[in-house]
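This briefing concerns the structure shown below. It is arranged by topic for reading alongside the sequence.

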Amino acid sequence: MQRACALEPTAWERLCTLYGPIVYGWCRRYGLQHSDAADCCQEVFQSVFKNLGQFRQDGGVFHSWLGTITLNQVRLHFRKAKPAPSLIDGQQLQDWLEAIPDSDPDLVHSRQLVVRRTLDLIQGDFNAQTWLIFVRTTLHNESCGEVAVSLGLTPNAVRQARFRVIRRLQQELQGLV
Amino acid sequence: MEPENNLDQSELDRQLAELDENPEAPVDTTVWELHAELQTLAKQLNQPVPPNPYEQEPACQQAVERAKSIVQEVTSGIAESVEPSAEPTPTHLDHFRIVRLLGQGGMGAVYLAEDTRLGREVALKTMRAELAARPGAKERFLREARLAAALEHDHIVPIYHVGEANGTPYLAMPFLKGQSLDDLLKAEKNTGCRTSHSAGHSGR
C-alpha cells in the first residue's frame with residue numbers, strides 16, 4: 001500500500017490487480033453496462049491515482065475510501081447519461097432521482113474477496129512446504145499435531161510456519177481493508 | 001501495531017507459536033494482541049466466499065488493464081510530454097547561489113552554483129516546478145535522490161544535499177570539470193585513438 005502511494009509501478013499494478021475487478025463489480029451492481037462499467041472503473045482509478053497521497057496523509061481504510069469514490073463516479077455517470085428531466089413533471093423527476101444509487105457498495109463481500117485475492121498474490125513468496133502447512137492447518141482445519149506427524153516436523157515448527165503466512169497476509173492487508 | 005519493528009521476525013513467529021500452544025506463555029503484550037488479530041483473520045479464511053460474478057466478463061479484464069496503464073501514462077508522460085522551455089534561471093535556491101545554467105532537458109535543469117555556506121562549487125540538479133506539481137513526481141525525484149545519497153562508490157557521483165525551494169526540488173552534487181560526451185567523441189574521432197568498438201562495446 002505504501003509502495004503504491006509512492007506510485008511505484010509494480011505496486012500500482014498490484015493494487016489494480018487486487019481492486020480492479022472489485023471496482024468493476026461494484027459498477028455493474030449499480031446497474032452500469034459492461035463498457036460503461038469499464039469506463040467508470042478507469043475514472044475511479046484515475047481519481048485514486050490523483051488522491052492517493054492525500055488519502056495516506058489523512059489516514060483511513062482504503063477499501064471504504066474506494067467504495068465512496070466509486071459511488072460518486074457512478075452517480076456522475078448516471079447524470080451524464082441521463083440528464084435531469086424537467087421540474088414540471090414531478091413523477092419523472094422522482095423516477096430519475098431514484099435511479100441514482102445512493103448507498104455504499106457491498107463492502108463485506110468485497111473485503112472477503114480482497115483477502116482471498118491477497119492470499120493468492122503472496123503464495124509465490126513461500127516455499128511449497130510452508131504453504132502446504134498453512135493450507136492444511138488454516139484452510140482445512142487440520143490440527144498442527146496431525147500435520148506435524150504427516151510431514152515429519154515438530155508441532156512447534158508447523159505453528160511457526162503457519163504464523164509466517166498469516167502474519168504476512170495481515171501485513172499485506174494493513175491499510176487496505 | 002507492529003511488534004516486528006522491535007522483534008526479530010523468526011523470534012516473533014516463535015513467540016506466536018508458543019502462545020498458540022500455551023495461552024499462558026510469557027510473551028510481550030504486543031505479541032499477545034497480534035496473536036489475537038491473526039487468529040481472527042485465520043477464522044475469516046475458513047468461511048466460504050462467493051466469487052465475484054462480474055469478474056469473468058471480458059470488460060472486467062480490460063478495465064483492470066486500463067487502470068494499470070494509468071501509472072505508465074503518467075510516468076512516461078512526465079518525461080515525454082514536456083518540451084524543454086526557457087524557465088527563468090533562479091538566482092538562489094536556499095543557500096546555493098546560481099552561477100550559470102549548465103544544461104537543460106524535459107525534466108529540469110542543471111546549474112553551476114556556489115554553496116555559500118561551505119564556499120564550494122556544486123552542480124545543482126533541479127526538477128521543473130510544473131512537473132514537481134504533478135502527483136507523486138516530487139516524491140519520486142526526492143526518493144531517487146535519497147537512494148543515490150545512500151550509495152558510496154567510486155563510479156557514482158555522491159549527493160551533497162537534497163532540498164526543495166519555492167516548489168522546486170533539487171539536489172546538489174560535486175561539480176565535475178570535464179567535457180561533454182559529444183566533445184569527447186569528437187576529440188577521439190580526430191585523434192583516432194579510441195572508439196566504442198575498441199573500448200569493447202558493441203553499441204547494440
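Predicted model: local features only at pLDDT ≥ 70, side-chain atom pairs only at ≥ 80, totals over all residues.

**Helix H5 of chain B**

- Three residues of H5(B) are buried, namely Ala137(B), Phe141(B) and Ala145(B).
- These residues lie on the same side of H5(B), because they cover an arc of only 75° around the axis.
- As a general point, an α-helix has 3.6 residues a turn, so residues three or four places apart point the same way.
- Arg146(B) and Leu147(B) are exposed, and they sit on the face of H5(B) that is turned away from its buried side.

**Paired strands of chain B**

- Strand E2 (residues 96-104) of chain B runs antiparallel to strand E3 (residues 108-115) of chain B, and 7 bridges join them.
- Within this pairing, Leu101(B) has Tyr111(B) in E3(B) as its bridge partner.
- E3(B) is also joined to strand E4 (residues 120-127) of chain B, by 8 bridges and again in an antiparallel arrangement.
- Here Leu112(B) has Ala123(B) in E4(B) as its bridge partner.
- A hairpin is formed by E3(B) and E4(B), with 4 residues between them.
- In the turn of this hairpin, Gly119(B) has a positive phi of about 65°.

**Contact between chains A and B**

- Chain B gives 36 residues to the contact, and chain A gives 40 residues.
- On the side of chain B that touches chain A, the elements giving two or more residues are helix H1 (9-21), helix H2 (29-45), helix H3 (58-80) and H5 of chain B.
- H3(B) supplies the largest share of that side, with 12 residues.

**Overall build of chain A**

- Chain A contains 9 helices and 0 strands.
- Read from the N terminus, its elements follow the order α-α-α-α-α-α-α-α-α.
- Of the 177 residues in chain A, 34% are buried.
- Among the contacts in chain A with a separation of 6 or more, 65% are between residues 24 or more positions apart.

Definitions and conventions. Residues numbered from 1 in each chain as written. Chains lettered and ligands numbered in written order. Buried ≥ 20, exposed ≤ 12 C-beta atoms within 10 Å, placed from the backbone. Contact = placed C-beta atoms within 7 Å. Arc of directions from axis to C-beta. Pairing = 2+ DSSP bridges.
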